[in-house]
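Reader: Could you walk me through this chain? I would like to begin with the overall picture and then pick out a few residues.

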Amino acid sequence: MKFTDGFWHLRPGVTANYAQEAYDIAPAQTPDGDGIVVHAPSQRIESRGNVLNRALLTVTLSSPLEGVVRVRIEHHQGAHRSPGFALATEPGAATVHTDDAGASLVTGGLTARIGKGAPWDLSFSRAGRRLTGSGHKSVGHMALAADAPVTVGPAGVAGYTETGLAPSRTYVHEQLDLDVGELIYGLGERFGAFVKNGQAIDIWNADGGTSSELSYKNVPFYLSSRGYGVLVNQPEHVSFEVGSEAVERVQFSTAGEALEYLVFDGPTPRDVIDRYTRLTGRPPVVPAWSYGLWLSTSFTTDYDEQTVNSFVDGMRERDIPLSVFHFDCFWMREFNWTDLEWDSRTFPDPEGMLARLHDDKDLRVCVWINPYIAQRGRMFAEAVEAGYLVKRADGTVWQWDMWQAGMGLVDFTNPDARAWFKDRLREVIRQGVDALKTDFGERVPTDVVWHDGSSPQTMHNLYTQLYNEAVWEVLLEERGQGEAVLFSRSATAGGQTMPVHWGGDNSSTYVSMAETLRGGLSLASSGFGYWSHDIGGFEGTPDPGVFKRWLAFGLLSSHSRLHGSTSYRVPWAFDDEAVAVTKRFAELKNTLMPYLYTAGADAAASGVSVARPMFFEFPEDPAVGYLDRQYMLGEDLLIAPVMSADGVVDFYLPAGTWTSLLTGERVEGGRWVRETHGFDTLPVYVRPGAVIPRGARSDCPDYDFLDGLVLDVYPSADEIDTNVDVVTAEGRRVTFRVTGSGDSATTDGATVHVHR
């Protein structure tokens with residue numbers, strides 16, 4: 001949200017109370033341990049008379065974790081207090097030093113320094129190098145006059161629009177400096193420009209597809225190319241102006257009387273993500289079978305058990321490895337979503353069908369759900385009678401007809417409602433369902449009353465967390481740690497603890513393919529470890545070229561699903577070459593499972609995503625900062641999806657000798673490369689000196705990775721002496737020491753293949 005009119009003026013109706021000086025600074029005890037409290041008046045205090053009729057901002061510095069500084073800015077402390085996100089704090093990580101010029105809070109390698117007096121000066125540094133800071137007119141309490149315009153979305157149903165941000169008359173903002181050449185990433189899954197500089201971004205979950213500024217997964221966390229990160233610790237609407245109001249600064253603001261943010265030290269992007277996910281939660285290990293190919297019924301298509309069998313048998317007859325079959329919405333009867341009851345007209349024997357898919361077809365099964373309860377479904381009357389649905393202020397149930405006729409919303413702040421919904425899900429799991437697709441969770445109204453008294457503004461973004469937590473708990477309880485997996489669309493900070501997430505409703509075009517990848521790279525920059533997308537696009541039917549190019553991209557993502565809206569996504573519906581491409585890349589992915597599953601285990605240990613932006617691996621290379629049409633899959637594989645009808649693809653290789661995984665061709669890096677590819681290839685390059693563990697099976701993803709394991713050693717200018725980890729499907733980590741030269745290498749317990 002913008003408050004100013006250029007550099008000198010405020011917008012009409014806006015009154016600003018900026019922190020003009022650090023009037024007094026004192027050590028203090030905080031819930032995080034040793035901290036600093038600063039009182040900052042809205043005018044420089046030069047006489048006793050200046051203390052009257054004056055706003056005073058209280059700024060508290062503390063450290064919830066080594067290498068992390070928490071900053072809390074408060075105007076009126078008796079106002080509504082945001083609950084923040086669930087953080088796994090480790091108090092006592094900081095020391096405080098005071099002197100005549102101010103005070104410092106030191107935690108790990110990060111120092112927050114507040115200077116005494118005017119102008120306001122709060123800086124963050126590492127080893128004497130300033131990372132960012134808050135200066136003159138950075139910290140402010142902004143008041144809007146009663147007749148001042150308030151930024152809201154377009155007109156719609158009362159209390160809700162896709163962009164309907166809760167209006168307020170008071171806001172608190174902070175501005176942190178941007179350095180020359182500094183780039184900002186993250187802020188959730190965003191489909192616009194990968195580098196966020198110059199953008200205005202609202203953290204407000206919405207069902208907007210992949211071709212707009214809206215996002216299903218809004219995370220108020222950004223990652224800087226200068227080796228630090230910032231989380232605004234508020235699940236309410238947060239507005240970011242990333243060099244788009246004050247071009248030298250990142251501004252973030254939120255409604256009300258207080259704002260809290262945390263600064264995370266690096267120095268590398270990996271270090272920042274490690275600290276961020278230590279606080280907000282790590283992505284867990286997901287089962288090896290989930291990495292295989294998922295096939296869906298698609299959304300509005302007609303299907304029954306015979307149709308499902310024709311799809312599954314068709315994949316088997318064509319020797320295409322398939323791991324999971326997904327039933328989308330119409331496994332339930334129309335107008336009844338979500339009643340969690342199979343449509344008996346189409347599926348008269350669901351338990352038998354699920355057993356046949358498991359036993360005869362060797363498949364796992366996923367079904368679609370959402371937290372919206374249709375009036376005609378069996379669960380609605382039960383939920384109303386028990387008080388399990390979100391209510392309006394007058395005590396009636398909140399309902400509308402968008403999506404499902406007369407639908408209500410499960411109130412997950414009510415423990416009894418949460419338990420009731422979980423019990424209904426448990427019935428589905430015990431029928432033989434292995435995974436759940438948790439769709440929606442973004443369309444959450446603000447003109448409602450929550451059971452636990454939560455602010456509607458807080459619950460709008462936080463709802464998805466409670467929804468997914470309830471479902472995740474059922475899967476953990478019924479399937480166990482390491483077997484639980486979701487396929488989720490909406491999220492906020494902390495959502496990475498309940499994987500997997502997919503990229504929402506894209507279109508069946510090359511352009512949408514590119515925007516989908518940008519969304520995944522932004523999500524990886526926001527602490528999410530796994531990510532998928534609808535191969536071929538969701539809306540419309542892709543032409544065979546788009547579908548085949550997307551197959552290679554989708555099967556070189558952490559998770560891979562064939563899914564669409566109005567048409568099937570079985571490859572033979574396109575052409576024979578699509579069948580061959582599906583088989584080729586599904587088998588390739590299965591042979592890479594020792595490498596990919598280990599990358600997933602590393603994501604669970606560090607928070608670093610399986611598929612990640614180039615700057616994660618090459619933070620010192622200035623050429624990678626804007627790259628959003630290629631990515632690293634794990635540490636050592638560079639993927640550049642082909643997003644053109646003519647097969648031409650431009651990509652950048654960092655310095656060194658890179659080797660094509662598919663052809664063995666060597667290419668010198670430190671430059672841009674242009675290649676032309678058929679549908680059965682794309683640029684997949686192995687990092688210089690990498691050792692890639694390859695499995696012996698291509699027919700499935702869940703097998704004994706150590707049986708027939710081959711360690712592929714790629715050229716390097718240096719002698720080889722490295723440790724290579726392989727995490728088995730059962731979770732056992734085995735380390736192989738590989739030694740040798742560019743011509744030969746050895747290890748114990750595995751075959752070594754040297755690419756000369």
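Reader: How many helices and strands does the chain have?
Author: The chain has 11 helices and 44 strands, where helices (H or I, at least four residues) and strands (E, at least two) are DSSP runs numbered from the N terminus. The radius of gyration is 27 Å, close to the 27 Å that the globule rule gives for 756 residues, so the chain is as compact as a globular protein of that length. That radius is taken over C-alpha atoms, and the rule is 2.2 Å times the number of residues to the power 0.38.

Reader: Before we go on, where do these values come from?
Author: This is a predicted model, in which local features need pLDDT of at least 70 and side-chain atom pairs count only at pLDDT 80 or more, while totals for chains, interfaces and linings use all residues. Residues are numbered from 1 along each chain as its sequence is written, and side-chain values use heavy atoms, with hydrogens and water left out.

Reader: What share of the residues count as buried?
Author: Of the 756 residues, 63% count as buried, meaning under 20% relative accessible area, with exposed being over 50% and partly exposed in between (1.4 Å probe, protein chains only).

Reader: And which residues touch the most other members of the largest nonpolar core?
Author: Phe327, Leu436 and Leu556 do, in a core of 184 residues; such a core is a set of buried Ala, Val, Leu, Ile, Met, Phe, Trp, Tyr and Cys residues joined through side-chain atoms within 4.5 Å. Its largest share, 10 residues, comes from helix 6 (residues 456–479). A second, separate core of 42 residues includes Ala103, Val139, Val232 and Tyr261.

Reader: What does leucine 436 touch?
Author: Leaving out residues up to four places away in sequence, its contacts (heavy atoms within 4.5 Å) include Cys366, Val367, Leu425, Val471, Leu475 and Leu486.

Reader: Leucine 486, then: where is it found?
Author: Leucine 486 is in strand 28 (residues 486–488), and at 0% relative accessibility it counts as buried. Not counting residues up to four places away in sequence, it touches Leu436, Trp472, Met498, Pro499 and Val500, among others.

Reader: Which peptide bond is cis around proline 499?
Author: The bond joining proline 499 and valine 500 is cis, with omega about 15°, and valine 500 is found in the loop between strand 28 and helix 7 (510–524). Another cis bond runs from alanine 118 to proline 119, with omega near -5°, and proline 119 lies in the loop between strand 10 (110–115) and strand 11 (122–126). Most peptide bonds are trans, and most residues other than glycine have a negative phi.

Reader: What is phi at tryptophan 403?
Author: Tryptophan 403 has a positive phi of about 80° although it is not a glycine. Its place is in the loop between helix 4 (378–386) and strand 26 (408–409), where it is partly exposed, with a relative accessible area of 27%. Aspartate 319 also has a positive phi, near 60°, and lies in the loop between helix 2 (305–317) and strand 23 (324–327).

Reader: Last one: is aspartate 636 buried or exposed?
Author: Aspartate 636 counts as buried, at 13% relative accessibility, and sits in the loop between strand 32 (631–633) and strand 33 (637–639). Leaving aside neighbours within four places in sequence, aspartate 636 is in contact with residues including Tyr595, Tyr685, Arg687 and Ile692.
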